[in-house]
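Colleague: Could you take a close look at the aromatic pairs for me? Please go step by step, and then move on to what lies around them.

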Amino acid sequence: MIDLHTHILPNIDDGASNLEEALEMTRILAAQGVKGAVCTPHYYPTEMTIEDFVNLRREAAGLMKDSDIPLFLASETYLHEYLLYYRDLDALKIEGSNYLLLELPFDKVWKEDVYSNIQQLINRFDISPIIAHIERYPLAKEKHINNLKEIGCIFQLNTSSLLDKTNKRKALKYMRKGFIDVLGSDCHNTSNRIPQV
């Protein structure tokens with residue numbers, strides 16, 4: 001199993017706060033039988049350029065020589081129209097693939113602009129969008145998920161949601177309905193958002 005959504009890399013986002021914690025996260029995943037992890041630090045297009053993000057990610061990844069599992073570079077990219085102004089998004093995709101882990105707005109109902117922006121990303125950059133932690137969006141309804149599925153999105157579920165009182169019911173419902181395509185821990189640290197697959 002490969003963990004498709006992690007915040008292992010140190011000192012780049014709200015994930016691992018230092019190298020020791022980052023390496024401990026890889027040890028925890030390895031002990032659970034995980035064979036590799038996709039490193040998906042948050043990328044917010046309104047806060048920095050892709051080039052600046054890639055430089056930060058490269059520095060963080062360079063520290064991880066003693067990782068207990070192979071690490072693959074990627075991002076958890078927040079959906080924003082600024083993405084459409086880039087020549088390509090290759091550096092944000094999961095290494096060696098066309099998959100892009102996308103985070104959608106939490107605080108508003110998804111309207112036509114969300115679907116339109118995703119469709120443009122698919123058409124312009126030949127990406128396959130993976131919608132991060134689909135069960136965690138409080139305003140998302142089944143019709144929204146069906147709309148996203150129709151334009152070619154696939155859906156990632158946080159494994160921790162299966163144990164969490166807040167999201168467990170929705171997570172199980174989405175699994176029963178066949179919405180979930182891939183799993184990820186969305187681990188951030190070794191205290192309250194631990195690697196758990």
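Modeller: Start with the term itself. Rings of Phe, Tyr and Trp (its six-membered ring) pair if their centres lie within 6.5 Å; planes under 30 degrees apart count as stacked, over 60 as edge-to-face and the rest as tilted. This is a predicted model, in which local features need pLDDT of at least 70 and side-chain atom pairs count only at pLDDT 80 or more, while totals for chains, interfaces and linings use all residues. Residues are numbered from 1 along each chain as its sequence is written, and side-chain values use heavy atoms, without hydrogens and water.

The structure holds five aromatic pairs. Take Tyr 43 and Phe 53. Their rings are 5.1 Å apart, centre to centre, with 50 degrees between the planes, and the pair is tilted. Tyr 43 belongs to strand E3 (residues 42–43) and Phe 53 to helix H2, so the pair ties together parts 10 residues apart in sequence. Helices (H or I, at least four residues) and strands (E, at least two) are DSSP runs, numbered from the N terminus. Tyr 43 and Phe 53 are both buried. Buried means under 20% relative accessible area, exposed over 50%, and partly exposed in between (1.4 Å probe, protein chains only).

Next come Tyr 44 and Tyr 78. This pair is tilted: 6.0 Å centre to centre, 45 degrees between the planes. Tyr 44 sits in the loop between E3 and H2, Tyr 78 in strand E5 (residues 76–78), and the pair links distant parts of the chain, 34 residues apart. Tyr 44 is partly exposed at 30% relative accessibility. Tyr 78 is partly exposed too, at 22%. Elsewhere, ring pairs link Phe 106, Trp 110 and Tyr 137 into a cluster.

Go back to Tyr 43. Ile 50 is in contact with Tyr 43, and also with Tyr 86, Asp 88, Leu 89, Ala 91 and Leu 92, leaving aside its neighbours within four places in sequence. Contact means heavy atoms within 4.5 Å. Ile 50 lies in helix H2 (residues 50–62). Ile 50 is buried, at 9% relative accessible area. Ile 50 and Leu 89 are 39 residues apart in sequence, yet 8.2 Å apart in space, C-alpha to C-alpha.

Now the charged pairs. A salt bridge is a side-chain nitrogen of Lys or Arg within 4 Å of a carboxyl oxygen of Asp or Glu. By this rule there are seven salt bridges. One of them joins Glu 142 and Lys 177 (3.6 Å, N to O). Glu 142 lies in helix H4 and Lys 177 in the loop between H5 and E9, so this pair ties together parts 35 residues apart in sequence. Another salt bridge joins Arg 193 to Asp 186, with the closest N and O atoms 3.1 Å apart. Arg 193 is partly exposed, at 29%, whereas Asp 186 is buried, at 3%.

Finally, the strands. Four of the five residues of strand E8 (residues 154–158) are buried, so E8 is largely enclosed by the rest of the structure. Strand E7 (residues 128–131) runs parallel to E8, joined by two bridges. Two strands pair if DSSP finds at least two bridges between them. E8 and strand E9 (residues 182–184) also pair in the parallel sense, over three bridges. Leu 157 stands opposite Leu 183 in E9.
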